[in-house]
Amino acid sequence: MQDPASRSDQSTGHHEVKETTCYMCACRCGIRVHLRDGEVRYIEGNPDHPLNKGIICAKGSSGIMKQVSPARLTKPLRRKASAKRGASEFEEISWDEAMGMLTERLGRLRAEDPKQFALFTGRDQMQALTGMFAKQFGTPNYAAHGGFCSVNMATGMIYSIGGSFWEFGGPDLDHAKLFVMIGTAEDHHSNPMKAAISKFKRQGGRFIAINPVRSGYGAIADEWVPIKPGTDGALFLALTNEILKTGLFDRDFLIQYTNAAELVIDDPERDDHGMFYRDTSIDVTRGCTDPQDKFWWDRNTGEVLTHTKGADPRLLGAYTMKDGTPVKTSFQLLKERVEPHTPEWAEGITGIPADTIRRLAHEMGIMARDHKIELPINWTDAWDNEHATVTGNPVAFHAMRGLAAHSNGFHTIRALSILMTVLGTIDRPGGFRHKAPFPKPIPPCPKPPHGPEAVQPNTPLDGLPLGWPARPEDLFVDDQGEPVRIDKAFSWEYPLAAHGLMHNVITNAWRGDPYPIDTLFLFMANMAWNSSMNTVETRKMLVDQHENGEYKIPFIVVCDTYASETVAFADLVLPDTTYLERHDVLSMLDRPISEFDGPVDAVRLPVLPPKGECRPFQDVIIDLGARLGLPAFTNEDGTAKFRNYRDFVVNYETSPGSGIGFLAGYRGKFGDKALKGEPNPQQWEQYAANHCFFHHELPRSYQFMRNWNKGYLHWARAHGLTKWAEPITLHIYSEVLQRFRAAAQGKWPGRRPPERYRERIETFFDPLPFYYEPLETQRIDKNRYPLNALTQRPMAMYHSWDSQNAWLRQLHSHNYLFVNPKVAIAQGIQDGDWIWVESHLNRVKCMCRYSEAVEPGTVWTWNAIGKGAGAWGLSARADESKKGFLLNHVIGEELPVVPGDGSQVLSNSDPLTGQAAWYDVRVRIYKAGPDEKQITEPQFTPMKALPGQLTRPRSRWQAYVAGVFGRK
Amino acid sequence: MHPAFSVIFLTTLLGAGQGLFLALITGQVYSRIHLIDAQSSDYYFHGSLIALALLVLGLIASFFHLGRPERAWRAASKWRTSWLSREVIVLPVLMGLVALFSLIHWMGWTQPFVVAGDDALPVDASLLVGVMGAIVAFALFVATAMIYASVKFLQEWASPLTVVNFTFFGLASGFMLAAAYSAWLGNDLVTFFGTWAVIFTAIAFLSRGASLLRNRHIKYRSNLKTAIGVRHRDIAQKSQGFSAGSFNTREFFHHRSPGTLRRVTAVFMLLVFPVPVVLIGVAYVTKSPTLPILAFLIQYLGLVAERWYFFAEAQHPQNLYYQTVS
Amino acid sequence: MTQLALVIDLNVCVGCHACVTSCKQWNTSGWAGPMVDENPYDAAPTGTFFNRVQTFEVGNYPNTETVHFPKSCLHCEDPPCVPVCPTGASYKREDNGVVLVDYDKCIGCKYCSWACPYGMREVDTQQKVMKKCTLCIDRITDQSLPEAERKPACVLACPTSARLFGDVQNPDSEVSIAIRERGGYALMPEWGTQPANHYLPRHKNRMHITEDDLLRTNNPLKKEDITVYHGEETLEDVTW
């Protein structure tokens, strides 16, 4: 064998390196793809990329297998006329035929009733384009998967602090000294987070993980605090109580930068009870902002306008205004709210000992107070006060679905935001830091349309399909207060559903409530499997027919790269490309990859030619837009405005001459402008020359305190990130929520909810966070279903769809239910036994695995490892379908109906935001009978291979070698 | 360890072949010094052919264990460090000597060059080759057994008893075969070989019994604490890092229940030791020409079970890393 | 003398498996490849991997540690797998101490795998030879790569930089310093194999709070008027 030291890999075959951006998950690292004779040799992290700086994860390293997966679709397909939907019997058609079919059908719907067309997309990261297409089409029925992902996280935080964990902000672990991670174990921001935690730990930072399960990042925490699922809100209230009681809050921060010291009208008899006391006559900016017409109580002079120079406002107390109006400070209201929520109270709910809660509060408070960071950075606040330094209270938090995916998640996350605020950690070193385009006004300015008149034939939608309601008038309801959207988002049922409720679309369309639709277009969303709850029934709804034989959902289009379970239910299948075969943008208009220090966006460039007849979905959308004559995609003479997506990205502007397009970098004729500037024909090339990203590093003085940083706010307005340069005061007390509550109480001058929603709105639109037991739990027999059941994705599969990946599936080909041995033994269940997991809805059979790293009231499993037989290019005998299982079968998409609801059907979702409450499910477990087959249940008829799907290798083995694989 | 039949047959067939050859030499020496009746050249010729056949069969079995048997010749190169390499060298030497021994008898080259004493010990070519072969056969026992005994962290194997066992199992089965061969021919060496076979079987019983006892009380030097370097009483693997099997789960574990192992132990303790001894004893009394053959076959079958158990009982420390899927 | 090795920091490893698949993709098309996959899309998928990440639970609820444990060839200084090889296919390089297999010499007898207490060797079921971690020998010795990239694929990939790479014989190397200062240890020291790879243990950061921390003179509550008066009756209303 040749001496390995005497050879160079690059001299084998023809070697090329191309840069692009990974899309094995939502993290979006920069990658360098090495090709040997045109086949992928090696995918490495791009050391020049700001996000991952050269590192890459298990998924990114397995991109090769994604290209050669037998699950790949390569031809447009039409369901055979003779075949039942769901039988997975298709015939190949040409793209012309496919586009013809779509144009004819969608053209008709657009001319008659645009909302008959619903477009819902999965984890696509191209919502800027798909949302624009929906708006142009004129349908309100558009959303991505955020509704079942983590909309509570987005709304709970954005409605409190103007930014959120997610792509929009995160913990500043470079400066933090205490890091508290709750309700998450792995994340969107996967590789940077891993790198940051490692660095944080090595710098001596203290890391506390609060979670029912110790896994993922929590494995390396200095302390694990087990908590019962869905009770995090109780913990935050108790922590806040202890911090308030011991005086460990940051008083100056609260006064200057939050509404804590602002005065709220405190007279239940008055219609404006609970609203801020305002002087609406004074001349301040009023728009999509928080007008500065509110008051403080100066200790010497009494009522003064907020931010009056020289004022020394009270943070606590009840006062009487000159006009006799009784008021209290927001902070006083918060204090009264949390007072009964002692650590002892929380212990009974969370399972965390009161002493531990108290100690956690002290650790947070003392770390924030006694280990402050002063960075020598001059900055000017929005009230023209000069500051010589930026102060940081180095306590950082991070949270995600463990908080969000509960029906009490919005208030839980509000409570967390308030805890972070009370500690004075918002957009400060070592705390929570925003990422561009955030912070935004609370709530952000885009609003959904306000009524059914926004939907008109052959006309773009009047408004955006998704937005951020600030008052009842912003709801998307008709005169009777009933929903206009198919998913009932922005209705009185789910007023703040900023990401829609994709998880209810199929059920609602099937039931015809609020109305039936004609065409459901799903892009990259596995709604017949792990993206739906109550999967068994959902699959039935997809194939359910009226008596006349017509399907209840008449036409289903699925665009995907792989033969997912959902593809089997399509009438028309459009084959998408992989991430290595396309142009993509990670846009400032959508979910960019910004850093704390400034905006970053990025592109994907094709490294490989599309396989078979695959077409990038964006090209299809732009083509379809032109064929349908949608204004943004056509010239006045009716011809297509853009050749393809590449062309579109360069030339499209949000409005003519706005200078804002999908990419923020290298704008202007010569590519010398950032964020705003006329189209640059060389934009793609310039991104390519800069490792596929654009990073605009802000001046140091703009990098912190951005909610109130005058320089930053004006810069952001000048560069089109926001419309307003007003300070974004943090909402400890949410007047926004109070407006909805007032409407329910009949005290709001405008829109009011229909009678059946009044109590619901009044209860849940509490301006201060509160804890309530998850809605499903309130409605079931907790003694019968004593356990919480959770799912999480393993790191090697997080945010991926890679059971079709020969390497990744070897790491997780099937899953077990993890059970605390104490609980299992009490049930006579041995490690490895076959068991049933039963909820109020359904039951699944699976194998049990003992774990000491799970709170005894909880059982959990790796999510979406179980697959439908035959799907994803796997054999029908594959472990994924025979030994793997999907917990979704036992999770309801709707709440059990109880008399208290007036027999109305409600989504199993957060009553404020419509966030799917899939972490609320409660189960019981019991041993499977000795005669029961050792196979997971439910089982489904194996999905047949599709025409054009790459076939599995004929031999029982394969060995990938770049340059020769597939050429033998 | 996973008991591979290639290696089971390799070691048992070689052992029987070596033992048979040693029995023939023993017989020849005894007859030369007139302690037992002299046998014809044909007797030794056919007998050593059988021994050679067993060695060849063993060798063939070994090829099934190799991924690349066509390169087996390379295995002779590292005799300085590898017992396997030594075995690979010694085995063909033995085969050559056995073949030569066979040839000498076939060709009748048995004229003594030297006669010691008064016809007390006539030394001919066959005797010289035979004694050399005997030495090499013993060397092969050592080389074969040391392949296992030298892996120090396979604590069940890492004992001189392994060499003793391999040697005496080989001798017992070889002498038993010699008895069977004699019985089949109808000559009266059955008692001679049978008695030796019983003696070797008894010694093997003692040494194997000792190793079983020893292995039952082994204190394993490796455990999860040393395997991952974390000091705690309670450590449990939750994931071996992959869902289905791998070389690590296939090669080093038998995937049988403890009950199966106990049954196999009982079977070989019965088939290797008491049954053949009783059959031989009965054969003495009844002068049966077939019972010794049965005794050999039963003992060989027992040895196959013994060798299966030999592999199965060895606990490879690597298994500490491959316990659980999740 | 040089002995290249990995030092794996269990204090930061989150068990993401990046090392597992980055190794696979580099090596399957590299000098040590191919790395076969069996049943790649069927029941019981299995294949050759030089690197594994395992998970252990230490202790009992609620005092449980979840330990992710990456594991690849330890490149022992006294490798038991090398002397047992009958053909010399297994060898330890003189220049950098990396233990390798020459596939052209290997007869696939698996004896080396028996002689490895750590279970670090794999058999290639198609090529019928033994394969193992090479420390990406074809990266670390490739002078045409920039120096920063002359590292094993797993080391470059590792998101938490839990894998340090260097010469453990050089007392001033990053790896030697880490072993020395952070309590680096070897696996199964009882066998005297002297693994070159080392592991760094978990390390806990704690916060110590004294009562004085809670009783500060600058407590902001002192600035508040925390008695709230709503005009209720007082002594002044009732005494005379």
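Visitor: Which residue stands opposite C:E38 in β2(C)?
Guide: A:W957 stands opposite C:E38. Keep in mind that this is a predicted model.
Visitor: How many bridges join β35 of chain A to β2(C)?
Guide: There are 2 bridges, and the strands run antiparallel. On the chain A side, β35 covers residues 957-958.
Visitor: And what holds paired strands together in general?
Guide: Strands of a sheet pair through backbone hydrogen bonds, in either a parallel or an antiparallel way.
Visitor: Back to chains A and C. How many residues does each put into the contact?
Guide: Chain C puts in 73 residues and chain A 84.
Visitor: Which element of chain C gives the most to that side?
Guide: α1(C) does, with 8 residues. Other elements that each supply at least two residues include β5 (65-72) and α4 (153-157) of chain C.
Visitor: What about chain B against chain A, how many residues are in contact?
Guide: 5 residues of chain B contact 9 residues of chain A. The chain B side has 2 nonpolar, 2 polar and 1 charged residues.
Visitor: New topic: in what order do the strands of the open sheet in chain A come?
Guide: The order is β1-β2-β3, with antiparallel pairing. β1 (15-21) and β3 (39-45) are the edge strands, each pairing on one side only. From one strand to the next, the twist averages 25 degrees.
Visitor: How many bridges between β1(A) and β2 of chain A?
Guide: 7 bridges, antiparallel. A:E19, for example, has A:R32 in β2(A) as its bridge partner.

Conventions
Residues are numbered from 1 along each chain as its sequence is written. Chains are lettered from A and ligands numbered from 1 in the order in which they are written. This is a predicted model: local features need pLDDT of at least 70, side-chain atom pairs count only at pLDDT 80 or more; totals for chains, interfaces and linings use all residues. Two residues are in contact if their C-beta atoms, placed from the backbone, lie within 7 Å. Ala, Val, Leu, Ile, Met, Phe, Trp, Tyr, Cys and Pro count as nonpolar, Asp, Glu, Lys and Arg as charged, and the others, Gly among them, as polar. Helices (H or I, at least four residues) and strands (E, at least two) are DSSP runs, numbered from the N terminus. Two strands pair if DSSP finds at least two bridges between them. Axes are lines fitted to C-alpha atoms, for helices over the stretch in contact, and angles run from 0 to 180 degrees between N-to-C directions.
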